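Student: I have a model open and want to go through some of its packing. Can you take my questions as they come?

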Amino acid sequence: GLRAGGASDAEVFCYEFDVTDGAERGRALLLLRYYPIKDGGETRPAECKAGFDVRWQSRLLKDVPAELRLLSFMDPIKLSTKGRGSAQKELSLLLQRVGHRLHGELLLDPSFAVNKMKSDLLQSGEESSSGSIKLVQMLRDRKVAEWVRPGGGTLVDEFLQWLRGREQLDDNFRFAPNSERGDVEAWPPAMEDGASPPQLLHGVSGDVLRLTGYVTKILRAGDKTLTAPRSESGRPVEADALRLWLRKDKSKVFNKTTNAVWAEVYGFYFFARSGLSAVEVEEECRRATDGEVLYLEAGARAKAASLTGDAKEKALMLRALPLELIELKQSSLRIPEKDWKAHVRSLQDAHEKTKPSAVVCIDTATADATAAGSSFVGGDIERDVPIEYACEGFIDEGKKLWLAVQVHNGSNKVISKPELEKGGYVVKLTATHTEGTVKLIEASHFYAGG
């Protein structure tokens, strides 16, 4: 039988209604359930089509076409997208994003016409003894504004409110627009006085990323809300920082030591073309479901404090990783302050041991560190010349000299060429000429020996 009332509870959207045409009157009951996305996958059973199945006197009609599996207030195409902030426009955007996760049943009484095989509703032709074709047509053609509750109130508002609540069960991501205090800004941000925009680095490889879109400070994942602090001069503010764990490799089990990036979040990026109006940015923000998390690595500020120039700038560059790598399954979503400080302290201790502490001239023939008096400079690549020859003036003025050195860390271990370049280090040597003039030599690119 048909369920009385018109309540829409937390689990099921329930709507009982009449369809009338003069003396003809049919009764129907719509039941909809939302199947949220969990652990990155859809939970709606594969055999369930988006929309609803139709039952006539409890009998499943197997051949009902797609246009009768949605009522007009459920169809994003039929909802009006005019008017800023209108309920129909918001519902249309929401259905475009999550409508495929809805499935339910429309239960009809015998007043609606069906074909002889009782597998489909009759929409045209002569009136059938099984029921009224006009009632089927009225069910199909009812306008969005005509769907109301018997006691008053539009169904669009109620359906929108219910669907918003159901979406909170999703594990996917939702970007907060400016109307929800998202503080959305264009990326890359506009720079003053012709300054170059900041670059982004890939969080694992370190490659430069070319991203164009927008960044919001608020991201929702299911019933969780992540809020990054507002920025100053293009950098995240350390006070009230949002610190999260990100997986380096999604396919592997999360581990704070071996499979985690400790990130201080700047914001959340989503793709959209540049030059959009404020209204268009709002719509794109609501429509987006994927993007990148922009962040500073743990310890970046402390490391930058010991560097200068390009090396310092690189240490403070924002990095980006896909949102799907955010670790959402820990009991504490945010990294506890105590754990963060301990991790940064351990990074600083490791940095003190591994950062460059000495530049040592070496004998290129043996690649062993030697005393300064027997180190070598090369007049050319093929021939090495003892450094004392240069000191005594046996090398012509203007001759290019090649100096072979090793860079040692605090543990007196040699730092490799890739480590030097990845760390953004610069080797600086002071050359004193016989005339007493001093010249500074800098090198930030290194040959295969280190």
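Student: How many bridges join β8 to strand β13?
Tutor: Three bridges join β8 to β13 (residues 218-221), and the two run antiparallel. Strands here are DSSP runs of E of at least two residues, helices are runs of H or I of at least four, and both are numbered from the N terminus. Two strands pair if DSSP finds at least two bridges between them. The model is predicted, so local features need pLDDT of at least 70 and side-chain atom pairs pLDDT 80 or more, while totals for chains, interfaces and linings use all residues. Residues are numbered from 1 along each chain as its sequence is written, and side-chain values use heavy atoms, without hydrogens and water.

Student: Which residue in β13 is the bridge partner of Arg174?
Tutor: Arg220.

Student: And what order do the strands take in the sheet?
Tutor: The order is β8-β13-β14, an open sheet of three strands with antiparallel pairing. β8 (173-175) and β14 (224-227) each have a single partner strand, so one side of each lacks a neighbour in the sheet.

Student: Switching to helices. At what angle do α1 and α3 pack?
Tutor: About 40°, with the axes of α1 (residues 87-98) and α3 (residues 155-167) 10 Å apart. Axes are lines fitted to C-alpha atoms, for helices over the stretch in contact, and angles run from 0 to 180 degrees between N-to-C directions. The two helices are therefore oblique to each other; angles under 35 degrees count as roughly parallel, over 145 as roughly antiparallel, 65 to 115 as roughly perpendicular, and the rest as oblique.

Student: Which residues meet there?
Tutor: Among them are Leu91, Leu94 and Leu95 in α1, and Phe159, Leu160 and Leu163 in α3. Contact means heavy atoms within 4.5 Å.
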